[in-house]
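Below is a brisk report on a few local features of one model. It starts with a single residue and ends with confidence.

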Amino acid sequence: MSHTDPEILALRALGETAGSAGDAEHAGTCPRCRAELARLTEVVRLARDKGAGERLETPPSQVWDRIAATAGADPVRVPVSPAAAAANGTSAPAVPRIRPRRGLRPGRPRRRLATGLAGLAAGLIIGIAGTAGIVQLTQAPATRVVAQIALSPLPQFPQWQDAAGTAVMRATARQQLMVVTLHAPRQPGFYEVWLLARDGVSMISLGDLNAGHTGTFVIPPGTDLHNYSRIDISLQPFDGSTQHSKSSVVRGSLPAAALGSGTASPH
Amino acid sequence: MDQSPDEDVAAAFSGGQPDALALVYERFGPLVYSIALRSLGVRSDAEDVTQQAFVSAWRSRDTFDRRRGTLGGWLVTITRNKVADALRERQRDGRVLLHVAGGVAVAAPQTPSDRVVDKIVLADELARLPESQRLVMVLAFYSDLTHKKIAHVLGLPLGTVKSHIRRGLQRLRSRLEADGVAH
């Protein structure tokens, strides 16, 4: 006897009574068909399992910003060699990726990401509500990189010699964001991010870094960045004080490009 | 043909092309993030693990061998390791917190179960099916409709629905065998 029709096996895996009595008998006795049915049934069981895990979630946009900022700091700017391009089936001159770099490294992948999302199922969330499958598309808001700022330790704080950080300033149509990453040892207390004024006294607290020493902060609208032009990260003790601890871990200055953007504009 | 977009991404990645990390993130970001989120339960922790997993994958991309497995499976393994690290760290912090707080109960960390990982891999592949096939599979899995009723509801020929179901199930099974953990 021939093997059970694969379409009938698939329907039986879904719990339908498809095919003839002969099909059912064969699928129960033939080792090959029985194994195939078991494989497909397991997929169905996994799909219908009501526990956690059935929904796919898109990470928030700052995750990519942090990855790009961290990985972009690596010496990984490997241009595609003609040999590698040939191996990929494209001739070297046709590879558009080796053009001179305009702007900052994280900018290009970000734009790719925004445009790529429309064509990909990356943002698809499949929910289960009653008998209907709900399909929802989420798209990250368009942001552009305004500045990427290296944060370095200060000579007067030798204990932070090995610390380093990055601040990526991004603008959306409505607001400006600062994505901050710090590489410093774990210490008692917490790390806080500040904007320092030119007088060296006034400052604005942007917020605290999380346990992974990263954070995304909204720059308060209307902040005069000509005046509050430096970024500072402090180590704060758990003493309840809202003041800067005077222990600066790293610091950096906003470049001119970032100062002019009092109101953010898209692309 | 089904697997070719993923293979293109894997080729760009192991070739170290500058845009490859962005491509890999576009393709696998939701998979990695969802596994981290389901395993850790806290969004900020899942974001940290997602960041760590992609940065680590990028830095060690020389060790990825396309002949030995899929890029998705490799990323799933890295993600599970990072989740395990995060759970260990949480346990350590929890112990410290417990000590400081004088014995306040701290929730026991959960290990990322193989089943959770497999379910997210399955959801990821389901999301990548062509529109009409995905709709057929979603109805077949989650509604009480038979394939005949699905054909009627969607206005598709019966043969098309049956073929979508057979190919869909087999594609999901292949993806699970390639990238999942509990075979």
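Ile78(B) counts as partly exposed, because 19 C-beta neighbours lie inside 10 Å and a buried residue needs 20 or more. This is a predicted model. Ile78(B) sits in helix H4 of chain B, which spans residues 71-101. Leaving aside residues up to four places away in sequence, Ile78(B) touches Ala53(B), Ser56(B) and Ala57(B). Thr50(B) is 28 residues away along the chain, and its C-alpha atom is 9.9 Å from that of Ile78(B).

Two packed helices are described by the angle between their axes and the distance between the axes. Helix H3 of chain A (residues 31-48) meets helix H8 of chain B (residues 158-179). Their axes come within 10 Å and cross at roughly 85°. H3(A) is therefore roughly perpendicular to H8(B), since angles of 65 to 115 degrees fall in that class. On the H3(A) side, the contact is made by Arg39(A), Leu40(A) and Val43(A). H8(B) contributes Leu169(B), Leu172(B), Arg173(B) and Leu176(B). By class, five residues of this contact are nonpolar and two are charged, with no polar residue.

**A sheet in chain A**

Four strands of chain A form an open sheet in the order E3-E4-E5-E8, with antiparallel pairing. Which strands stand at the edges? They are E3 (144-151) and E8 (214-218) of chain A. Each has a single partner strand, so one side of each lacks a neighbour in the sheet. On average, neighbouring strands of this sheet are turned by 15° against each other, direction ignored. Strand E5 of chain A (residues 176-183) runs antiparallel to E8(A), and five bridges join the two. One pairing links Thr181(A) to its bridge partner in E8(A), Thr214(A).

**Confidence in chain A**

The mean pLDDT of chain A is 70, and 68% of its residues reach 70 or more.

Residues 73-141 of chain A have pLDDT below 50. Beyond near neighbours in sequence, that stretch has 103 contacts in the model. Over residues 262-267 of chain A, pLDDT stays under 50 as well. The model gives residues 262-267 twelve contacts beyond four places in sequence. Where pLDDT is low, the predicted coordinates should not be read in detail.

Technical notes. Residues numbered from 1 in each chain as written. Chains lettered and ligands numbered in written order. Predicted model: local features only at pLDDT ≥ 70, side-chain atom pairs only at ≥ 80, totals over all residues. pLDDT = per-residue confidence, 0-100. Contact = placed C-beta atoms within 7 Å. Buried ≥ 20, exposed ≤ 12 C-beta atoms within 10 Å, placed from the backbone. Axes fitted to C-alpha atoms, helices over the stretch in contact; angles between N-to-C directions. Parallel < 35°, antiparallel > 145°, perpendicular 65-115°, else oblique. Nonpolar A, V, L, I, M, F, W, Y, C, P; charged D, E, K, R; others polar. Pairing = 2+ DSSP bridges.
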